[in-house]
Amino acid sequence: MLPGFEGNLVLASSYRSAPLVEASEELGAFLHTYIQEVLSLEPVALGYYYLALAHASVRLNDAEGKHLSNERLEFLGDAVIELLVSEALYARYPQMNEGDLTRLRSQLVSRQYINGWAVELGVGEAMTRLYGIPPESKHILGNALEALFGAIFLDQGLEAARSALSFAILDGRVDWQHLLDHMVDYKSQLMHWAQVGHHDVEFVMGTYRSRPPRFTCRLLVDGQEVITSIQPTKKEAQKQAAKLFIQSLQEGVE
């Protein structure tokens with residue numbers, strides 16, 4: 001454990017009351033700067049953030065000697081992130097059905113993504129600097145990142161958490177097109193759109209002269225051709241035509 005950190009938190013009775021931390025000015029300044037730079041946030045009660053970065057392996061006790069860790073903040077932050085990701089997807093893809101929205105959300109809040117973002121945001125380095133104990137796995141880092149969003153929520157509320165998530169992750173660390181290409185069933189979206197709007201949709205297939213042979217798909221909506229796609233297989237041609245049409249609908253709404 002680094003010099004300057006006393007390992008004590010004083011907890012008030014209300015869950016909204018921030019822990020009081022006995023730590024050196026140097027560590028306090030480091031944590032304050034880390035939150036500012038990584039999350040674009042001006043922290044008010046640093047005690048929440050000290051606790052968010054305290055894994056169970058850290059010897060951290062409250063005033064009564066009870067061992068503390070970031071597990072409760074992790075529980076809260078997990079719910080905060082899932083809510084804000086759901087909101088972001090709902091706003092970003094107004095034409096997307098519930099099933100595809102759910103699949104996208106599951107991917108974004110998966111352990112793989114959360115752990116990866118924690119590494120990119122330097123969560124492990126911050127934990128080591130504060131407590132002198134390097135995290136043993138990426139899973140620990142992901143838990144701490146979730147706990148940080150629990151800390152933000154308690155410190156400054158949902159709007160601050162929304163802003164931090166956008167700044168740190170959603171606006172620069174998500175390849176949205178890659179996600180869509182691998183997760184979204186555009187043909188199902190097209191069929192759903194047609195059913196709800198009472199449109200007639202038809203895929204007209206053909207062969208494109210090339211070596212190797214390729215297939216064309218003309219997408220007709222209410223009898224009018226709206227998209228033409230050329231792909232190596234019939235299935236891919238239909239999928240591409242549906243994708244291009246759904247994307248054109250989304251662009252028209254934005």
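Guide: Let us begin with a term: a polar contact is a pair of N or O atoms within 3.5 Å, where within protein one must be able to donate a hydrogen and the other to accept it, and residues adjacent in sequence count only if both atoms are side-chain atoms. This is a predicted model, where local features need pLDDT of at least 70 and side-chain atom pairs count only at pLDDT 80 or more, while totals for chains, interfaces and linings use all residues. Residues are numbered from 1 along each chain as its sequence is written, and side-chain values use heavy atoms, with hydrogens and water left out.

Visitor: What makes the pair Asp100 and Arg103 a polar contact?
Guide: Their side chains are joined at 2.4 Å, and the cut-off is within 3.5 Å.

Visitor: Why is Asp100 called buried?
Guide: Buried means under 20% relative accessible area, exposed over 50%, and partly exposed in between, using a 1.4 Å probe and protein chains only. Asp100 has 0% relative accessibility, so it counts as buried. Asp100 lies in helix H4 (residues 98-108); helices are DSSP runs of H or I with at least four residues, numbered from the N terminus.

Visitor: Which residues does Asp100 touch, beyond those up to four places away in sequence?
Guide: They are Met183, Val184, Asp185 and Gln189, where contact means heavy atoms within 4.5 Å.

Visitor: How do you know whether Leu190 is buried or exposed?
Guide: Leu190, in helix H10 (residues 186-197), is buried because its relative accessibility is 0%. Leaving aside residues up to four places away in sequence, Leu190 touches Val201, Phe203, Leu219, Ala242, Phe245 and Ile246.

Visitor: What is the angle between the axes of H1 and H8, and what is it called?
Guide: The axes of H1 (residues 25-39) and H8 (residues 158-170) come within 8 Å and cross at roughly 70°. That makes H1 roughly perpendicular to H8, as this label covers 65 to 115 degrees. Glu37, Val38 and Leu39 in H1 meet Ala164, Phe167 and Ala168 in H8.

Visitor: Why are the buried residues of H6 said to lie on the same side?
Guide: In H6 (residues 123-131), the buried residues are Val123, Gly124, Ala126, Met127, Leu130 and Tyr131. They cover an arc of only 160° around the axis, which puts them on the same side of H6; the arc is that of the directions from the helix axis to the C-beta atoms. Their cover includes H1, H2 (46-52), H5 (111-120) and H7 (138-156).

Terms used. Helix = DSSP H or I, 4+ residues; strand = E, 2+ residues; numbered from the N terminus. Axes fitted to C-alpha atoms, helices over the stretch in contact; angles between N-to-C directions. Parallel < 35°, antiparallel > 145°, perpendicular 65-115°, else oblique.
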